[in-house]
Every structure is written in structure tokens, then in C-alpha cells.
Amino acid sequence: MILVVAAVTYFCDMQGLSPAGNSPRLRDHVEDQQLQNAPIISIIDDDESMRCAIKSLVTSLGLDAHTFASAEAFLQSPHLDHTSCVISDLQMPGLNGVDLQKSLLAQGRRIPIIFVTAFPEERLRASALAAGALGFLGKPFESETLIKLIDKAIETGRKT
């Protein structure tokens, strides 16, 4: 029985329907309106699977998420001025997370940053936090920890 319910739910989701029979156009319209007003979270990581996983988590919270394979791509994006929070890998080819943070600060941008890294060195953590990073998480990390930091970033943005 569980498999049948899961299959129906999956099929409905893929078709834009809900088991309750809601119109896909109505649901899409409501979701579009919610996303237009939702804070934008920019996710920067050279690992595609990590970008997708974090984006899935962020969108499940009702937030708008945009992903970037590099810091340079983010800095050139039209979403830069509207980003409420950056979630960035620390070590990436090209501009790394710390360099991204320095670049944003040099431009006068005070976007809350949450770093995620597979190499959580204490020296880098202390440096990133001293420069204003909101969080510094070692991979793998608990989803709840990231969610709390995202909430804090959005709240910080509302106060400024």
C-alpha cells in the first residue's frame, strides 16, 4: 500500500497535480507568487551533487534558490543584488570562498555567508567568521543546522 501511495504521489508531482485534484495551473501560479516574494538564496559549489542537494533543501523551505558552479559565475549573475544569503563551498577552483567573501566586502555588500567545506580547518573557520561569515559547516552537516543558519541570515537581512 505504501508503494502505491508513493507512486501516486510521484506521478502527481511529475504531472503538476496533487492527489486532492488541485489544478496544476492554479498550483503553479500560487507557487510562482510565493517564490517572487521569497528571499533568494545563492548556492555556490563546484560539486554539482552538493549544489542540487542544498537547492532541494532550500526550496523545500519555500525559498528561492539559484545555483552557481563558481564564485565568478555568482559575481556576474543578475541575482547578486537580490541575494539574501550565500551558501558557498570554501575550496573551489578559481575564486575560493574566502576570496568571494573578500570581494563582496570590498564592493560594500554585506550578504550573510554560510560556508560549507569538506576541509574544516580551524584557521580558515576562525578567519571566515572573523570576516563576518554567519556559519562554517564541515561536510557532511546536519540539515537542521543549515536551516537554522539560513533563518538567521534572512532575519539578519531584514534588520538591515
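Guide: We can begin with Asp-45, which is buried, with a relative accessible area of 1%. Keep in mind that this is a predicted model.

Visitor: What makes Asp-45 count as buried?

Guide: Buried means under 20% relative accessible area. Asp-45 has 1%, so the residue is buried.

Visitor: Which residue meets the side chain of Asp-45 in a salt bridge?

Guide: Lys-139 does, with N and O 3.1 Å apart. The cut-off for a salt bridge is 4 Å, so the 3.1 Å of this pair qualifies.

Visitor: Why is Lys-139 called partly exposed?

Guide: Partly exposed covers what lies between buried, under 20%, and exposed, over 50%. Lys-139 has 21% relative accessibility, so it counts as partly exposed.

Visitor: What makes Asp-45 and Lys-139 a link between distant parts of the chain?

Guide: The two are 94 residues apart. Asp-45 sits in the loop between β1 and α3, and Lys-139 in the loop between β5 and α7. Lys-139 is also joined to Pro-140 by a cis peptide bond, with omega about -10 degrees. Pro-140 lies in the loop between β5 (135–138) and α7 (143–159).

Visitor: How many salt bridges are there in the structure?

Guide: There are five. One of them joins Arg-123 to Glu-121, with the closest N and O atoms 3.4 Å apart. Arg-123 is at 60% relative accessibility and therefore counts as exposed, the cut-off being over 50%. Glu-121, at 35%, is partly exposed.

Visitor: Where do Glu-122 and Arg-125 lie?

Guide: Both are in helix α6, three residues apart, which is about one turn of the helix. Arg-125 has a relative accessible area of 34%, so it is partly exposed. Elsewhere, salt bridges that share partners join Asp-45, Asp-89 and Lys-139 into one network.

Visitor: Why is the pair of Phe-68 and Phe-74 called edge-to-face?

Guide: A pair of aromatic rings is described by the distance of the centres and the angle of the planes. The structure holds two aromatic pairs. In the pair of Phe-68 and Phe-74, the centres are 5.4 Å apart and the planes are at 65 degrees. Rings pair if their centres lie within 6.5 Å, and planes over 60 degrees apart count as edge-to-face. Phe-68 and Phe-74 are both buried.

Visitor: Is His-66 buried or exposed, and how do you know?

Guide: His-66 is buried: its relative accessible area is 19%, and the cut-off is under 20%. His-66 is found in strand β2 (residues 64–68). Its side chain is joined to that of Asp-64 by a polar contact of 3.5 Å. Leaving out residues up to four places away in sequence, His-66 touches Ile-40, Ile-41, Ser-42, Ile-43 and His-79.

Visitor: How many residues does the largest nonpolar core have?

Guide: That core has 20 residues, and among those with the most contacts inside it are Ile-41, Ile-87 and Ile-150. β1, α3 (48–60), β3, β4 and α7 each supply at least two of its residues. α7 gives the most, with six. Among the residues that Ile-41 touches are Val-58, Cys-85, Ile-87 and Ile-150. A second, separate core has 18 residues, including Ala-71, Phe-74, Leu-90 and Leu-124.

Visitor: What makes Cys-85 buried, and what makes Cys-52 partly exposed?

Guide: Cys-85 has a relative accessible area of 0%, so it is buried. Cys-52 is at 46%, so it counts as partly exposed. The structure holds zero disulfides.

Visitor: Which residues of helix α5 are buried?

Guide: In α5 (residues 97–106), they are Gly-97, Val-98, Leu-100, Gln-101, Ser-103 and Leu-104. The buried residues of α5 pack against elements including β1 (40–44), α4 (71–75) and β3 (83–89). At the start of α5, a side-chain oxygen of Asn-96 reaches to within 3.0 Å of the backbone nitrogen of Val-98. Gly-108 follows α5, and its phi is positive, near 80 degrees.

Conventions
Residues numbered from 1 in each chain as written. Predicted model: local features only at pLDDT ≥ 70, side-chain atom pairs only at ≥ 80, totals over all residues. Heavy atoms only, no water. Phe/Tyr/Trp six-rings, centres within 6.5 Å; stacked < 30°, edge-to-face > 60°. Buried < 20%, exposed > 50% of the residue type's maximum accessible area, 1.4 Å probe, protein only. Helix = DSSP H or I, 4+ residues; strand = E, 2+ residues; numbered from the N terminus. Contact = heavy atoms within 4.5 Å. Polar contact = N/O pair within 3.5 Å; in protein donor to acceptor, adjacent residues only side chain to side chain. Disulfide = S-S within 2.5 Å. Core = buried A, V, L, I, M, F, W, Y, C linked by side-chain atoms within 4.5 Å.
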